[in-house]
Amino acid sequence: MAGTIMKGAEVIAAMKEKMLQDVTELRTQGIEPMINIIRVGSRPDDLAYERGARKKMESVGIRMDVTELPEDISQKDFAAAFRSVNDNPDVHGIMLFRPLPPTLDEEEIAGMINPVKDVDCMSPVNIAKVFSGDSDGHAPCTAEAVMEMLDFYGIELSGKRVTVVGRSMVVGKPLAMMLLKKNATVTMCHTRTKDLPGACRQSEVIAAAAGRAGMITADMVSEGAVVADVGINVNEAGKLCGDVDFSGVSKKAAAISPVPGGVGGVTTSVLAAHVVRAAQILAKQRTAAQ
C-alpha cells in the first residue's frame, strides 16, 4: 500500500503563515525585509530561478532587487559591486548565482560577504557553523528544506538509520550534519559507493541527492522507509524527475516526496525565511549598537 506523499505545498503554506507574521512585526519597527540577488550574465536557469524567487518574496512581503553584472566584468569591478550591496544597510539578504564565470574568484567574495546577509551559505563562517552544529548561521537552503519537510510530516530522526546519497556541499554534506544534530545515525553514500543498494536497504530514512535520474529503485528500499527525493533531473522523455523511481518506491515507502512538487518548492521558502531571520538579527544588532 502506498504511504504518505510528502507534498511541498503543505510545508510552504505553514512556513508562509509564520513569515507573514514575522514580516508584519518587522514593518511595525519600520523595517522592510529585502533580498538582493546578484547575477553575472543572464543564464536561462538563473533567470528562471529569479522569476520564481521574486514571486515567492512578493507573496510574503519581502522586497527583491537584482544586481545584474556583465559576464565579462573584471574581478576588481565585481568585488566593488558586491561590496556596495554587502554594505547597504537596507539589504538584509544576499544571494549570488553560482557558478561564476571562470575569470572570477568566488572564494574572495565568499570571504567578503556579511555572514548574517549570507542567506544561501557561501560564507566560510556559515559553513563552519553548519558543520559544528551551531544553528546561529544560515544553512544551505536545499539541505534545510529537507529538514523542514521531515519535521513538518513528523518524521522522527533520533536514533534512526539514515542514508544520505550525495556528497555535495550544497546538499549532501550539510544535510548529513543537520541530521546528526537531530541524533540520527547517518551513513553517507554517493555514486561510487560499492554496495549502495545494501546501504539503502538497511536505512529507515533515505535522502537522495546525487543528481542521477531514477537511481534509487524499489529493490533498494526497505518496507516502511521514508524517502526524501532532492534530485532534479530531466529523463529520456524530457520530463522533470528526481533521483528516486517514484512509481516503484512509493509502493513500499511509508512516506515519500515527489519530484516535482516536493523539496524543490520548499527551498525558495527557506530562502525567504532566511531573509526574514537576517532582518531580525540585523535589527537587534543595530538596537544594541545604539
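How many bridges join strand E5 to E6?

## Basis of the description

The model is predicted: local features need pLDDT of at least 70, side-chain atom pairs count only at pLDDT 80 or more, and totals for chains, interfaces and linings use all residues. Residues are numbered from 1 along each chain as its sequence is written, and side-chain values use heavy atoms, without hydrogens and water.

## Strands E5 and E6

Strand E5 (residues 161-165) is joined to E6 by 5 bridges, and the two run parallel. Strands (E, at least two residues) and helices (H or I, at least four) are DSSP runs numbered from the N terminus. Arg161 stands opposite Thr185 in E6. From E5 the chain crosses through H7 to E6 in a right-handed β-α-β crossover (with the strands pointing away from the viewer, the path from the first strand over the helix to the second runs clockwise).

## The sheet

An open sheet of 6 strands has the order E1-E11-E8-E7-E5-E6, with parallel pairing (two strands pair if DSSP finds at least two bridges between them). Strand E1 (4-5) and strand E6 (185-189) are at the edges with a single partner strand each, so one side of each lacks a neighbour in the sheet.

Within this sheet, 4 bridges connect the parallel strands E7 (residues 205-208) and E8 (residues 226-229). Ala208 is placed opposite Asp229 in E8.

## The contact of H6 with H7

In H6, Ala143, Glu144, Val146, Met147 and Leu150 meet Pro174, Leu175, Met178 and Leu179 in H7 (contact means heavy atoms within 4.5 Å).
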